[in-house]
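Notebook open, structure loaded. I'm jotting things down as I look them up.

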Amino acid sequence: MKLVRLLYYSRASREMSLSDLKDILGTARDNNSSVDVCGMLCYDKRYFLQALEGDRETVNELYLDIADDPRHDDIVIISYEEVNEQIFPQWQMGYAGSSAEFSALLKELGQSDFSPRDMTQMQAFNFLKKMAGAQSEL
Ligand SMILES: Cc1cc2nc3c(=O)[nH]c(=O)nc-3n(C[C@H](O)[C@H](O)[C@H](O)COP(=O)(O)O)c2cc1C
């Protein structure tokens, strides 16, 4: 098996309600657990930032499905790489939305609003990693 990590950001096609986010996470967690994919999703100010980790073919197929989802547009891959291990193994899909930790991390990056399009690949990866340790309940 070839393990890969894919990071992307996108813009929600409309403001997401809690129940919209619950729907997305419910599907993601069900599906991902059946195919051994894990990762982390952040949402705020209409932007999504997501990491997907798993088997190469599975992650590619999943990304194409996700990219086709009308709940977001303007999807942009930040990075795609082969990895030795999954760093989000505890979460079929972790989640973090706006919170004190979220704002503090953005501030370190000089952002007042969540803008993953202005993050480097390393900044986006570190952001997801740190928020995995400070998740929002959903
Ligand atoms: C921002 C975002 C992230 C998503 N993440 C995942 C995911 O990690 N795994 C997944 O299976 N579906 C995810 N989805 C949902 C897929 O786009 C799609 O609805 C789903 O794969 C269809 O699964 P189903 O045919 O089993 O309903 C996501 C959707 C959005 C908008």
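Predicted model: local features only at pLDDT ≥ 70, side-chain atom pairs only at ≥ 80, totals over all residues.

Where is the place of D36? I found D36 in the loop between helix 1 and strand 2; helices (H or I, at least four residues) and strands (E, at least two) are DSSP runs, numbered from the N terminus. Residues are numbered from 1 along each chain as its sequence is written.

Entry 1: D36 has a positive phi near 60 degrees without being a glycine. My cut-offs, with C-beta atoms placed from the backbone: buried means 20 or more other C-beta atoms within 10 Å of a residue's own, exposed means 12 or fewer, and partly exposed is in between. D74 is another non-glycine with positive phi, near 50 degrees, and sits in strand 4. D74 has 11 C-beta neighbours inside 10 Å, so I logged D74 as exposed. K45 also takes a positive phi near 50 degrees, in the hairpin of strand 2 and strand 3, which has two residues between the strands.

**Entry 2: the whole chain.** I count four helices and five strands in the protein chain, and along the sequence they read β-α-β-β-α-β-β-α-α. The radius of gyration, taken over C-alpha atoms, is 14 Å, which agrees with the value near 14 Å for a compact globule of 138 residues; the globule rule is 2.2 Å times the number of residues to the power 0.38. The C-alpha box along the principal axes is roughly 40 × 30 × 25 Å. Buried residues make up 30% of the 138.

Entry 3: What order do the five strands take in the open sheet? I get 4-1-3-2-5, with mixed pairing; two strands pair if DSSP finds at least two bridges between them. Strand 4 (72–82) and strand 5 (94–96) are the edge strands, each pairing on one side only. The twist averages 15 degrees from one strand to the next. Axes here are lines fitted to C-alpha atoms, for helices over the stretch in contact, and angles run from 0 to 180 degrees between N-to-C directions.

I then followed strand 3. It pairs antiparallel with strand 1 (residues 3–12) over nine bridges, and antiparallel with strand 2 (residues 38–44) over seven bridges. Y9 has L49 of strand 3 as bridge partner, and V4 has G54. Helix 2 packs on the sheet, touching strand 1, strand 3 and strand 4, with its direction at about 155 degrees to that of strand 3; contact means C-beta atoms, placed from the backbone, within 7 Å. Strand 3 is mostly covered, with seven of its nine residues buried.

**Entry 4: the ligand.** Which residues come nearest to the ligand? Of the 16 around it, they are A28, N31, F48, D69 and R71; near means a C-beta atom, placed from the backbone, within 6 Å. Helix 1 (18–34), strand 3 (47–55) and helix 2 (56–67) each supply at least two shell residues. Helix 1 gives the most, with five.

Key
Contact = placed C-beta atoms within 7 Å.
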